[in-house]
Amino acid sequence: MRAARLIKMVLLLQARPSMTGPELAQELEVSERTVARDVLSLSEVGVPVYADRGRSGGYRLIGGYRTRLTGLGRSEAEALFLSGVPSALREMGLADAASAARLKVSAALLPELRDAATGAAQRFHLDAPAWYQEPRTPPLLPAVAGAVWDDRRITARYLRKDTEVERQLEPYGLVLKAGVWYLAARAQGDFRVYRVDRFTAVDVPDGREDGREDGGEDGAEGPTGDGGRFIRDEAFDLPAFWAERAAQFARSLLREEVVIRLSALGVRRLPHVTERAAAEEAIDAARSGDGPDAQGRLTVRLAVESAEVAYAQLLGLGPEGEVLHPPALRERFAAAARRTAALYA
């Protein structure tokens with residue numbers, strides 16, 4: 001246990017220019033006194049840990065001391081950081097182990113490869129929870145992925161309804177959602193989302209005109225990139241962008257409204273049987289409005305995709321929810337209740 005902690009301390013100090021005693025204590029989950037003892041132990045075995053005194057002091061490694069994973073190139077390092085799905089790791093209780101592994105790799109990489117983790121995360125994002133079907137691989141996905149990885153513009157032909165259109169795109173990132181691949185790309189200055197399986201053709205510059213690939217005069221990029229490359233907007237955050245667009249899409253589907261009276265148990269169940277964000281928004285609005293009635297029941301106005309979808313979803317509430325509006329949906333639930341009662345008569 002102590003040996004592992006000492007190794008982690010060295011890796012932390014390799015990854016950062018300097019760390020204070022409190023910072024190390026928090027990372028290692030020990031006291032500052034233990035940190036001081038560990039630093040002394042490392043010094044005794046020849047690890048050059050130097051302590052700067054004073055308010056702005058801390059611990060740092062001197063003399064260029066480090067361990068390295070030799071022979072690891074940029075593409076290999078970036079691929080390595082794609083090997084874990086954070087949400088799945090958290091649910092399996094492996095987040096700490098994965099974090100420690102990434103820390104060890106980051107500390108061992110050459111300085112010019114330290115941004116590999118960030119570069120990979122901003123180009124590929126897997127949105128996996130709650131979906132169970134196998135992904136379908138569009139035939140043009142490899143070409144699109146190559147352009148995303150290499151920051152190259154593409155000319156794509158795309159099916160929009162029954163019309164084929166052509167677009168000049170700056171491909172920023174790929175997302176796999178419910179077995180479908182989506183491309184986040186900038187077109188005419190705006191970020192948009194495209195389904196990759198609707199691309200009918202993709203033209204990617206081969207880069208031979210790019211000085212960085214063929215040994216041109218200086219390999220420098222102009223203000224808008226060379227050889228088909230574009231300059232990425234460093235403020236673009238792929239996971240945050242996808243979360244926002246997914247929420248917008250979900251809201252756009254909710255075009256009708258139903259009114260339901262819920263028991264306390266029904267309030268707790270509603271987010272589990274219908275669209276969660278819409279359910280939570282409806283519950284919050286009802287609580288801040290009239291609130292529960294004398295029997296503790298809460299009347300909510302819920303946005304739904306359609307009456308048909310609402311019927312299928314709200315049946316899951318059983319007797320904990322009473323549909324009040326629209327009348328046709330209420331009668332349908334009443335008929336279902338009568339049939340169910342007859343089955344158990």
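The chain contains 14 helices and 11 strands, where helices (H or I, at least four residues) and strands (E, at least two) are DSSP runs numbered from the N terminus. The model is predicted, and local features need pLDDT of at least 70, side-chain atom pairs count only at pLDDT 80 or more, and totals for chains, interfaces and linings use all residues. Residues are numbered from 1 along each chain as its sequence is written, and side-chain values use heavy atoms, with hydrogens and water left out.

Of the 345 residues in the chain, 35% are buried; buried denotes under 20% relative accessible area, exposed over 50%, and partly exposed in between (1.4 Å probe, protein chains only). Among contacts (heavy atoms within 4.5 Å) between residues at least 6 apart in sequence, 63% join residues at least 24 apart.

Helix H13 spans residues 307–314, and its buried residues are Ala-310, Tyr-311 and Leu-314. These residues lie on the same side of H13 because they cover an arc of only 105 degrees around the axis, the arc being that of the directions from the helix axis to the C-beta atoms. The buried residues of H13 pack against strands S9 (256–262), S10 (298–304) and S11 (321–325), as well as helices H11 (264–273) and H14 (327–343). Tyr-311 also has the charged end of Arg-332 over its ring, 3.9 Å from the ring centre; for such an arrangement, NZ of Lys or CZ of Arg must be within 6 Å of the ring centre and within 35 degrees of the ring normal.

Side chains of opposite charge can pair when their charged atoms come close. The structure has 18 salt bridges, each defined as a side-chain nitrogen of Lys or Arg within 4 Å of a carboxyl oxygen of Asp or Glu. One of them joins the side chains of Arg-301 and Glu-257 (3.1 Å, N to O). This pair links distant parts of the chain, with Arg-301 in strand S10 and Glu-257 in strand S9, 44 residues apart. Arg-301 is exposed, at 57% relative accessible area, whereas Glu-257 is partly exposed at 42%.

A further salt bridge is formed by Glu-322 and Arg-330, whose closest N and O atoms are 2.9 Å apart. Glu-322 is partly exposed, with a relative accessible area of 26%, and Arg-330 is likewise partly exposed, at 37%.
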